[in-house]
Amino acid sequence: MIQLLLKILTCEEDSVPDQTADSTVFQSGLLLDMKPGVRVCVPSAAVLGLFCRGCLSRSRSWPGRSFSSTSREMSRWNSQDTSPPSPQENVRVLITGGLGQLGVGLAQMLRKQYGRDNVILSDIKKPPPHVYANGPFVYADVLDYKHLRELIVNNRVTWLVHYSALLSAVGEANVALARKINITGLHNVLDLALENCLRLFVPSTIGAFGPSSPRDPAPDLCVQRPRTIYGVSKVHGELMGEYLHHKYGLDFRCLRYPGVISVNTPPGGGTTDYAVQIFHDALSTGHHECYLRPDTRLPMMHISDCHRATVEFMQAPECQLSLRTYNIAAMSFTPEEVAQEIRKHLPHLKVTYNPDTVRQTIADSWPVRFDDTNARRDWGWAPAFGLEELVSDMLRSIRDKRTSEGLPVS
């Protein structure tokens, strides 16, 4: 085994044969034959001796052994770890920005798999009582590096989900704050993930594309050039994570989310927020004023598909990933198309259009569809909700929510 390791550490990556049915070369590493019937994924950073200890210990196919190193030290054989845990053991998740649109729902899904106390929500706001009741919550400011480090160390965190960000329209109204939270906060998280060998998930967005990007569809790899501070910070995050993965072995993972539609969290300043608000207005007043033109087509996704994609991507073996950032897609519609679908259930819905210059300009620079071929091929992504299913589910859920809160339903 030692001879095999020395051979791996001294070989050149370009000497590996091109991709065939029997031997596959991924951007993230090499798939090597150990013995008949056994294959081991060894990321390229390990071959270069710059592999993060946490990442290398996830190579479960090395029987009875694991590598151990800091991210900036040469990997070395660790003979003391004789029984590595299964992938679902010892997973401890910290979610930053957990009180936004995505954090609470993702925590619920992860707690079902890894246990209530192993998924920690965090934010800088006081949560409602039900969030406290459902599992651990802590105060965490992503700009406070020392306190964030204490949380990671004291809670033995292994996965970090970084949701803290100022969204597109809000970010344009306060560029200095957006730059601080979206870029400085990101660098704190990247440094801590590298230092503590964490598996790091940072979402990107439709906003990472710009007017010079292909729009129908937008592929994973293309010219981006966004024109919002939100988009610029997301492209910066994609590239920094990929750089740290290839240089130091950081297990960085990123999905470009389309507009996400959910019931439980009110709109938070994004350009696609109309697609949430229109359902609430349809059931409360029967009238919605839309800040986009009726023909503005954008990619959208039901929140349950978004959560499922995130968990499936986080759990995917690293040797299956050909990219560190993937598009994911579900549907694409205009304000008028979603209004027409709602009218199948609520014929009285009235929609007026009063385009907001800032949001309309942002929307016009974004793709109208995502190409998610790579996500479907590499780790099996497939959405469950189309427009018809989304509208039925949203109306039912909001009606039930308003009824339980004693609010009138139109």
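Reader: Why does Arg156 count as exposed?

Author: Arg156 has a relative accessibility of 55%. Exposed means a relative accessible area over 50%, buried means under 20%, and partly exposed lies in between (1.4 Å probe, protein chains only). The value for Arg156 therefore places this residue in the exposed class. The model is predicted, so local features need pLDDT of at least 70 and side-chain atom pairs count only at pLDDT 80 or more, while totals for chains, interfaces and linings use all residues. Residues are numbered from 1 along each chain as its sequence is written, and side-chain values use heavy atoms, with hydrogens and water left out.

Reader: Why does Cys197 count as buried?

Author: The relative accessibility of Cys197 is 7%, and this residue therefore falls in the buried class. Cys197 also has a positive phi of about 55° without being a glycine. The loop that holds Cys197 runs between H8 and strand S10 (199-201).

Reader: Which peptide bond is called cis, and how is that known?

Author: The bond from Asp216 to Pro217 is cis, with omega near 0°. Most peptide bonds are trans. Pro217 is found in the loop between strand S11 (204-205) and H9.

Reader: Why is Met109 called partly exposed?

Author: Met109 has a relative accessible area of 26%, and is therefore partly exposed. Met109 belongs to helix H4 (residues 103-114). Leaving aside residues up to four places away in sequence, Met109 touches His307, Arg308 and Val311; a contact means heavy atoms within 4.5 Å.

Reader: Why is Val175 called partly exposed?

Author: The relative accessible area of Val175 is 37%, which is why Val175 is called partly exposed. Val175 has its place in helix H8. Val175 and Ile229 are 54 residues apart in sequence and 6.5 Å apart in space, C-alpha to C-alpha.

Reader: Why are S13 and S17 said to stand at the edges of their sheet?

Author: The sheet is open and has three strands in the order S13-S15-S17, with mixed pairing. Strand S13 (259-261) and strand S17 (331-333) each have a single partner strand, so one side of each is left without a neighbour in the sheet. Two strands pair if DSSP finds at least two bridges between them. Ile261 stands opposite His302 in S15.

Reader: Which strands does helix H10 touch where it packs on the sheet?

Author: Helix H10 (residues 274-284) touches S13, S15 and S17. The direction of H10 makes about 25° with that of S13; axes are lines fitted to C-alpha atoms, for helices over the stretch in contact, and angles run from 0 to 180 degrees between N-to-C directions.

Reader: Why is H10 described as largely enclosed by the rest of the structure?

Author: Eight of the 11 residues of H10 are buried, so the helix is largely enclosed. The buried residues include Tyr274, Val276, Phe279 and Leu283. Just after H10, Gly286 takes a positive phi of about 80°.

Reader: How much of the chain is buried?

Author: Buried residues make up 53% of the 410 residues in the chain. The chain has 15 helices and 18 strands.

How values were computed:
Helices (H or I, at least four residues) and strands (E, at least two) are DSSP runs, numbered from the N terminus.
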